[in-house]
Amino acid sequence: MLHFFSRQKKQILSLSSTRRLFSTAAAASNLYSKYSFVPPPSLKPQNPNPTQSPPKKQPKPRYRPPSSLDRTGEKPVQSKLPFDFRFSYTESSPEVRPIGLREPKYSPFGPGKLDRVWTGVCAPIVDPKVGSPEDEEIVEEKRRVAIERIQGEALTNAERKALVERCQRHKTKRQVNLGRDGLTHNMLNDIHNNWKHAEAVRIKCMGVPTVDMKNVCYQLEDKTFGKIIHRHGGLLVLYRGRNYHPKKRHVIPLMLWKPHEPVYPRLIKTTIDGLSIEETKEMRKRGLAVPALTKLAKNGYYGSLVPMVRDAFLTEELVRIDSKGLPKSDYKKIGCKLRDLVPCILVTFDKEQIVVWRGKNYKPSENGFFLTEREPFDHFSNDSDNHEHENESREGITGDSDYDSGDSD
């Protein structure tokens with residue numbers, strides 16, 4: 001009996017389940033007819049057609065430099081600064097012309113940002129097609145008049161010392177760093193922004209540009225119309241001038257990206273002038289074997305490198321400078337500066353070493369044109385009342401020892 005009832009119960013359950021399935025199917029069919037339900041493509045049966053060709057890949061859009069995209073219809077900025085715009089004023093020389101460019105000639109200032117034409121190397125103040133030497137003389141005269149007007153009367157010793165004291169590290173953190181790229185165009189804007197709040201700004205110079213500190217000081221004064229009132233190694237204090245007004249300064253358009261460096265001739269030739277191939281190979285081997293004159297620290301101060309090489313050439317024919325750890329572009333720039341400033345002949349850059357040769361007809365330089373480690377900026381004629389006292393207090397003292405920063409890096 002029990003077995004009979006269990007079988008009957010199973011049959012009832014199976015009938016109820018089948019009824020539910022039929023009811024759901026009917027409901028689904030009602031939905032399809034009543035609401036026009038369309039199944040998604042994933043539920044439709046796929047019938048691939050072998051004759052239909054696959055969709056073609058869209059071609060990649062042609063490259064256009066950023067400045068070719070006309071994003072704004074604003075008028076370009078007119079800047080009346082009397083010098084050519086370059087990315088770096090200390091590391092690029094207008095006398096050395098490149099043999100090619102690594103990129104199209106488009107402006108790093110952006111589309112329609114500047115009224116000057118970018119040549120791929122600089123944005124000249126005078127159109128190279130129309131300009132003439134007479135225009136350059138007029139520009140130089142305008143620059144000289146502008147500097148004299150902004151600087152005004154020279155600072156007295158007391159005023160200079162007070163400004164230098166305000167720029168010391170224990171007084172202010174305001175500082176502009178001049179690094180491996182040298183005095184860049186955007187740094188000019190940074191200096192003027194600091195001059196809004198202080199009469200003088202501290203500038204710390206590091207890396208490759210410090211090989212030629214005279215050029216760095218000249219370009220800073222020439223491009224900012226300021227005056228260097230203190231220098232100790234790579235640490236400078238730049239004064240803005242008595243008649244400086246932040247709201248009346250020239251407009252300095254900002255470079256939006258760093259342009260690629262142009263292609264210059266090779267620094268190291270296959271054979272050195274005046275030597276055969278075998279003699280050149282032998283000299284390179286000897287150069288890598290001589291003791292290193294000095295080891296260059298990364299982003300250090302190299303102001304004493306040129307005098308060291310000149311002194312070494314008095315007794316040695318080849319000089320090796322250890323530059324391990326420096327980027328390749330850095331020690332190549334240092335070698336190029338040594339070639340022009342010592343002067344000397346570059347032998348090799350192998351194994352991260354700078355090897356230079358003094359040449360067959362080397363003559364030591366009689367007049368050194370490089371700045372000393374410290375510079376005195378006191379002018380006794382400015383303080384007539386304390387003239388005798390200044391002479392007595394500074395007797396036997398060289399440089400500006402009262403107001404040095406304490407570090408010469």
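How many bridges join strand 2 to strand 4, and do the two strands run parallel or antiparallel? In this predicted model, five bridges join strand 2 to strand 4, and the two strands run antiparallel.

**Close-up 1. Strand 4 pairs with strand 2 and with strand 3.**
Strand 3, which spans residues 227-232, is joined to strand 4 by five bridges, and these two strands run antiparallel. Leu235 of strand 4 has Lys204 standing opposite, and His232 likewise stands opposite Leu235. Strand 3 and strand 4 form a hairpin with two residues between the strands, in which Gly233 takes a positive phi near 65°.

**Close-up 2. Both faces of strand 4 are covered.**
Five of the five residues of strand 4 are buried, and the strand is described accordingly as mostly covered. In a regular strand the side chains alternate between the two faces of the sheet. Leu235, Val237 and Tyr239 lie on one side of strand 4, Leu236 and Leu238 lie on the other, and all of these residues are buried.

Arg143 is buried, with a relative accessible area of 9%, whereas Glu140 is partly exposed at 45% relative accessibility. Glu141 and Arg144 also meet through their side chains in a salt bridge, with an N to O distance of 2.4 Å. Both Glu141 and Arg144 lie in helix 2, three residues apart, or about one turn of the helix. Glu141 is partly exposed at 40% relative accessibility, and Arg144 is partly exposed with a relative accessible area of 38%.

**Close-up 3. A network of salt bridges links Glu140, Arg143, Asp222 and Lys223.**
The side chains of Lys223 and Asp222 meet in a salt bridge at 2.8 Å, N to O, and both of these residues are buried. Lys223 also lies over the face of Phe83, at 5.4 Å from the ring centre, and Phe83 itself belongs to a cluster, linked by ring pairs, that contains Phe83, Phe85, Tyr89, Phe109 and Trp118. Another charged residue, Arg116, lies over the face of Phe85 at 3.9 Å from the ring centre.

**Close-up 4. Trp195 and Tyr244 form an edge-to-face aromatic pair.**
The structure holds eight aromatic pairs. In the pair of Trp195 and Tyr244, the separation is 5.4 Å centre to centre, with 75° between the planes. Trp195 lies in helix 4 (residues 185-195) and Tyr244 in the loop between strand 4 (235-239) and helix 6 (277-289), so the pair ties together parts that are 49 residues apart in sequence. Trp195 is buried at 0% relative accessibility, and Tyr244 is buried with a relative accessible area of 7%.

**Close-up 5. Phe313 and Tyr362 form an edge-to-face pair.**
The ring centres of Phe313 and Tyr362 are 5.3 Å apart and their planes stand at 70°, so the pair is edge-to-face. This pair links distant parts of the chain, 49 residues apart, with Phe313 in the loop between helix 7 (305-312) and strand 6 (318-322) and Tyr362 in the loop between strand 8 (353-357) and helix 9 (387-393). Phe313 is buried at 1% relative accessibility, and Tyr362 is buried at 17%.

**Close-up 6. Val211 is a buried loop residue.**
Val211 is placed in the loop between strand 2 (200-205) and helix 5 (213-224), where its relative accessible area is 0%. The C-alpha atoms of Val211 and Gly303 are separated by 4.8 Å, although these residues are 92 residues apart along the chain.

Cys217 is buried at 9% relative accessibility, and Cys344 is buried at 8%.

Conventions
Residues numbered from 1 in each chain as written. Predicted model: local features only at pLDDT ≥ 70, side-chain atom pairs only at ≥ 80, totals over all residues. Heavy atoms only, no water. Buried < 20%, exposed > 50% of the residue type's maximum accessible area, 1.4 Å probe, protein only. Salt bridge = Lys/Arg side-chain N within 4 Å of Asp/Glu carboxyl O. Helix = DSSP H or I, 4+ residues; strand = E, 2+ residues; numbered from the N terminus. Phe/Tyr/Trp six-rings, centres within 6.5 Å; stacked < 30°, edge-to-face > 60°. Lys NZ or Arg CZ within 6 Å of the ring centre and 35° of its normal. Pairing = 2+ DSSP bridges.
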